[in-house]
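Visitor: Could you walk me through this protein and tell me what stands behind each label you use?

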Amino acid sequence: ERIRASEEKFASAFRSNPDLMTIVREDDSMIIDVNDRVEKVLGYTRNEVLGSYATSLNLFVNPDERENYYAAYAKTGSIDMECWWRKKDGSRIIVRMAVNRLVIDDVAYQLSVIRDVSENRFAEERFRKAFDLNPDLMLIFRERDRVLVEVNGRLESFASFTREEAIGRSSAEFNLWANPRDQQTYIEKLSTQDFVSIESTFLKKGGQSFIGVLSASRINLHGENHLLVVVRDITEKKLAEERIIRSEANLHAVINNTEFLIWSWDRRLKLMTFNDPFQKYVQKAYRREVAVGKSIFEDVPENELGELRIKWKDWHQRALGGESFQIKEVRGNRYWQFSISPIREGDFVSGVTVFAEDVTRQRETEAKIIKNEATLNAIINNTDQSIWSIDLSYKITALNNVFRDLILEYYNFELIVGQDILE
């Protein structure tokens, strides 16, 4: 009764096992029994393989692996190995075999448990390639004792340690953290979270420091918790960010130390930068707020700023084509001069910069000068006397026609304003 019950339990375990199980007679390799997983793993039905010979299925892909299998089994009567097998359709898979000798009524059989581990191995291979080729430093620590069990080839360039120096040592043996408080924060977070990321300053073997981002994830390897740690050196990035901040501060100081309106647009007429005079002018003249990344024409109805919109789009396109030019025009009772230039990044025009100057006062001054000069000429030419004036360097500042004609008649040359009278 006990034997029957034991046999029933074995048969039940054999049939329901999620792995492929086979019983093969040892002396001639006949397949005596196989569970239904054979179709899932190898593509054969159970009836196709029962009574056939394992050698006739030509399962081993590599002859060397087949020879190693039989040689190892012949020595000990058991073997646990991975190898390439061939399925019914000719495709290849990686299997893990656990084979043991089973003797029933003085007849030896091979009891095999076979698992398709292809996906696992392919995943491991993909992980290995990603691990080894990653430009960041990648490390795997055993969590219970923080011992380093694996590291990629970036270790030496990042921390100046060789692989041989680091593998098998605890993280506590490396003086990696420049700031102990950051290290404590990292440890505390890791005790309650499966993923932690922290920016800090780290130390190389010789004491040189670098700014990095350390990210740690808890993973399970071989049934035990490990920490997958990725360290990215962001020193150059941080230095570049600091240079940009300084550059923007300098730019801000320069463009705001003038009465000119200064702004720049990208290719889509979105503001990239502007100074305070420009912002105040737009608020006062058009009752609009300006912001980086926004166009002053954004959300403006077509019937508002219509002519202005058309003009600026045209000028914008001219500048995007690589042209630098000036525009003078009257806005209300004010005279404006716009200097418009492309922003070049190599051969690419990324945007347009504009300097706008209110030249009303200059125009008014020029007009007064012209008027005064006309009045002066009318006065000094309304006489028969010779009239002229010179500055301290003897250059003519004014003369009438009587004096000009006198000089031309007696000295045979013509005087003009600005000329040295002693020449």
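Guide: Gladly; we go from overall shape to sheets, and then to a cavity. This is a predicted model, where local features need pLDDT of at least 70, side-chain atom pairs count only at pLDDT 80 or more, and totals for chains, interfaces and linings use all residues. Residues are numbered from 1 along each chain as its sequence is written, and side-chain values use heavy atoms, with hydrogens and water left out.

Visitor: Why are strand S12 (271-274) and strand S13 (325-331) said to stand at the edges?

Guide: Two strands pair if DSSP finds at least two bridges between them. The open sheet here has 5 strands in the order S12-S11-S15-S14-S13, with antiparallel pairing. S12 and S13 each have a single partner strand, so one side of each is left without a neighbour in the sheet. S13 and S14 are joined by 7 bridges, and Gln-326 stands opposite Ser-339 in S14.

Visitor: What is the order of the other open sheet of 5 strands?

Guide: That order is S7-S6-S10-S9-S8, again with antiparallel pairing. Strand S7 (147-151) and strand S8 (195-203) are the edge strands, each pairing on one side only. Neighbouring strands of this sheet are turned by 30 degrees against each other on average, direction ignored. Strand S6 (residues 137-142) pairs with S7 over 4 bridges, which meets the pairing rule of at least two; Leu-139 has Val-151 in S7 as its bridge partner.

Visitor: How do you know that S16 and S17 pair?

Guide: 3 bridges join strand S16 (residues 388-390) to strand S17 (residues 396-399), and they run antiparallel. Trp-388 stands opposite Leu-399 in S17. Their hairpin has 5 residues between the strands, and Tyr-394 takes a positive phi near 65 degrees there.

Visitor: What makes a space a cavity, and how many are there?

Guide: On a 1 Å grid over the protein atoms alone, a cavity is a set of points where a 1.4 Å probe fits but cannot get out. Lining residues have an atom within 4 Å of a point; of the 15 here, the closest to the centre are Trp-263, Tyr-281, Tyr-286, Trp-312 and Arg-331. Helix H10 (276-286) is one of the elements that each supply at least two lining residues, and H10 gives the largest share, 4 residues.

Visitor: How many lining residues are called nonpolar?

Guide: The lining divides into 14 nonpolar, no polar and 1 charged. Ala, Val, Leu, Ile, Met, Phe, Trp, Tyr, Cys and Pro count as nonpolar, Asp, Glu, Lys and Arg as charged, and the others, Gly among them, as polar.

Methods. 1 Å grid on protein atoms, 1.4 Å probe; cavity = no way out; pocket = protein on both sides within 12 Å on 5 of 7 lines; lining within 4 Å. Axes fitted to C-alpha atoms, helices over the stretch in contact; angles between N-to-C directions.
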